[in-house]
Amino acid sequence: MAVIPGDLELVAAPPKQRGAVATYVRRHPTVVAGGGLLAAMLAIAVFAPFLGTIDPTALSPAHRLRWPSAEYWFGSDMLGRDIYSRTIYGARVSLSVGFSVAALATALGLVIGLVTGFNRWVDAIVMRIMDGLMSIPAVLIAIALMALTRASLQNVIFAITVAEVPRVTRLVRSIVLTLREQPFVEAAIASGTTHIRTMWRHIVPNTLATLLVQGTYICASAMITEAILSFIGAGTPPTIPSWGNIMAEGRAVFLVAYYIVLFPGVFLSLTVLAINLLGDGLRDALDPRLARRL
Amino acid sequence: MFGYIVRRVLATIPVMVVVAVFVFALLHLSPGDPAAIIAGDNATSADIARIRAKLGLDEPLLVQFGGWVWHLLHGDLGISIFTNLPVSALIVQRIGPTVSLTISTLLVSIVAAIPIGVLAAWKAGTWIDRSVMIFAVVGFSVPIFVLAYILIYALAIATNLLPVQGYVPPQDGLGPFLSHLVMPSLALGMTFTALIARITRASMLDVLAQDYIRTAHAKGLSNERVLLRHALKNAAVPIATIIGIGVALLIGGVVVTETVFAIPGLGRLTVDAILRRDYPIIQGIILIFSAAYVVVNLLVDLSYAILDPRIRY
């Protein structure tokens with residue numbers, strides 16, 4: 001059969017590319033859905049001032065408790081503040097807490113896990129401490145730390161990080177202990193590679209996939225913890241609009257104005273769902289053995 | 001077996017020691033003068049001195065810690081700064097609603113989650129399995145208070161089926177007691193249910209792939225018998241483990257659930273203590289909750305031998 005090469009290329013190339021995207025979406029629907037939703041939330045947080053919002057802290061006593069309308073898209077609260085603007089700006093607080101805690105907790109957990117995995121003495125002491133800390137529910141650690149410090153965004157991030165670090169440490173340590181038995185690590189140690197270099201070149205790269213997945217779950221759980229802390233009055237200061245704060249303020253008037261609680265609640269749930277979906281998808285992609293089971 | 005139980009019980013001691021040290025150290029790790037922070041922004045220096053003396057903060061650290069542990073071992077958790085009542089008395093007063101809520105949530109979650117997980121594993125790959133997985137991911141993502149308010153709106157405000165909030169002790173009538181617990185248990189248990197259902201499914205899938213399951217099917221046993229007698233029994237250990245670990249989620253959630261539903265339990269006590277910076281109460285509650293968590297996980301560990309007779313210590 002005579003086929004002109006030029007025709008073949010022209011016809012075949014574009015559908016192939018479209019097919020690749022479609023295949024990816026079909027194979028990893030959760031990564032695409034979660035990633036897309038999270039990207040949308042990030043965009044909302046970044047472009048908050050340009051999304052038809054007004055000053056989220058502006059009071060307007062004449063327009064208290066207005067139901068959602070053309071003027072107040074998500075209604076207004078008992079001080080006349082615009083719930084839409086507060087919810088949109090609230091995305092900044094929730095996402096920055098989630099991402100900061102995920103980054104800090106995985107980094108700290110990685111360092112402590114590496115050291116404990118390589119030093120028997122440090123291991124014996126540090127892991128007993130971590131066992132103890134892990135037996136205190138994470139929310140309670142955060143509550144205890146927040147009760148003793150002044151309410152600020154940094155303190156919230158610090159408190160939730162402290163609560164999350166023990167689990168990451170345990171995870172990293174278990175990976176390090178497995179890797180230490182591997183021939184390539186034994187070979188590196190036998191050939192006189194320093195511990196620091198062995199960790200950096202052989203251990204750390206092998207923990208990254210697991211830590212990335214763990215990081216997404218920490219991000220989601222940190223956002224929920226921030227909302228819980230703010231909701232019970234031990235979190236982000238009331239001057240900063242966070243989803244937990246908006247819901248806490250709406251609690252008193254829930255019976256007459258449930259929309260104040262509804263909108264930030266929906267945004268929080270969707271964001272946490274997006275991150276969890278992304279985490280599940282990443283885990284499946286990075287560890288195919290687990291993929292079909294969980 | 002007896003030796004194992006003794007060793008396992010003794011192993012909880014160092015854990016509780018770390019918890020105690022952490023709870024004690026909290027006051028001293030905080031930046032600035034803890035007495036001044038507890039007293040608040042409008043306190044006079046006399047107030048601060050009074051709180052410092054009350055908490056024993058003017059004594060050497062080791063003396064403070066020794067005294068604190070000594071009192072602790074005698075069941076004395078200190079005196080509340082705000083109410084001047086013993087913390088242990090306040091905790092005893094408030095523990096009933098929290099225990100009722102936690103136990104009813106545990107029961108509801110386990111009774112709902114295990115059949116769901118078993119069903120999903122049995123019908124793996126079908127739409128039933130898919131809906132269970134969607135439920136597991138969504139249920140794990142919805143924060144307790146969001147779900148709580150959805151339930152309040154749907155079951156109390158719109159339809160008047162259940163009381164909006166509050167708590168009725170069981171001695172004032174079993175009906176009102178249970179009806180006040182339905183929504184809090186559902187809200188608190190959702191995350192827990194999703195987690196258990198997911199692990200049950202995963203654990204069952206592992207077991208259902210085993211040869212002896214095929215043998216059981218081949219000798220003509222009914223599906224129910226294979227699933228419950230042969231598969232679920234062998235899948236029980238990971239499920240028990242996740243129930244133990246998940247109790248931490250429940251304890252954290254109790255604080256929020258009691259706030260939303262106005263239940264006068266330990267969670268509510270915690271929130272009030274935070275707002276008043278009543279630190280002895282917060283310390284006491286962390287100790288109690290952590291001890292409960294440690295004991296639950298101790299029982300889970302010991303239950304392995306019953307769940308799986310192959311496990312011998």
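Predicted model: local features only at pLDDT ≥ 70, side-chain atom pairs only at ≥ 80, totals over all residues.
**Entry 1: chain A.** I started with the secondary structure, and chain A has eleven helices and zero strands. Reading along the sequence, I wrote down the pattern α-α-α-α-α-α-α-α-α-α-α. Next I looked up burial: 46% of the 294 residues in chain A are buried. I also checked how far apart in sequence the contacting residues are. Taking contacts in chain A between residues at least 6 apart in sequence, I found that 69% join residues at least 24 apart.

**Entry 2: chain B.** The C-alpha trace of chain B spans about 80 × 55 × 40 Å along its principal axes. Of the 313 residues in chain B, 40% are buried. For contacts between residues at least 6 apart in sequence, 71% in chain B join residues at least 24 apart.

**Entry 3: one helix, checked by hand.** I picked helix α10 of chain B, residues 223-234, and tested its length. At 1.5 Å a residue, its twelve residues should span 16 Å, and the end C-alpha atoms are 16 Å apart, so the two agree. Then I asked myself which residues of α10(B) are buried. They are V226(B), L227(B), A231(B) and L232(B). Looking down the axis of α10(B), I saw that these buried residues fall within an arc of 135 degrees, so they line one face of the helix. A handy reminder for myself: an α-helix has 3.6 residues a turn, so residues three or four places apart point the same way. What do the buried residues of α10(B) pack against? I found α5 (87-122), α8 (174-208), α9 (211-218) and α11, which belong to chain B.

**Entry 4: two asparagines in loops.** N84(B) sits in the loop between α4 (61-73) and α5 of chain B. Is N84(B) buried or exposed? I counted 8 C-beta neighbours inside 10 Å, so N84(B) counts as exposed. N160(B) also has a positive phi, near 60 degrees. Its place is the loop between α7 (144-157) and α8 of chain B. With 9 C-beta neighbours inside 10 Å, N160(B) counts as exposed.

**Entry 5: where the chains touch.** I then turned to the contact between the chains, which takes 38 residues from chain A and 43 residues from chain B. On the chain A side, α4 (120-134), α5, α8 (195-231) and α10 (259-286) each supply at least two residues. Which of chain A's helices gives the most? That is α10(A), with nine residues. By class, the chain A side divides into 27 nonpolar, seven polar and four charged residues.

**Entry 6: a helix pair across the contact.** To finish, I followed one pair: helix α5 (residues 138-148) of chain A and helix α11 (residues 236-260) of chain B. Their axes come within 7 Å and cross at roughly 45 degrees. That angle makes α5(A) oblique to α11(B). From α5(A), the contact is made by A138(A), V139(A) and L140(A), and from α11(B) by A248(B), G252(B) and V255(B). I sorted the residues of this contact by class and got five nonpolar, one polar and no charged.

How values were computed:
Residues numbered from 1 in each chain as written. Chains lettered and ligands numbered in written order. Axes fitted to C-alpha atoms, helices over the stretch in contact; angles between N-to-C directions. Helix = DSSP H or I, 4+ residues; strand = E, 2+ residues; numbered from the N terminus. Parallel < 35°, antiparallel > 145°, perpendicular 65-115°, else oblique. Contact = placed C-beta atoms within 7 Å. Nonpolar A, V, L, I, M, F, W, Y, C, P; charged D, E, K, R; others polar. Expected span 1.5 Å × (residues − 1). Buried ≥ 20, exposed ≤ 12 C-beta atoms within 10 Å, placed from the backbone. Arc of directions from axis to C-beta.
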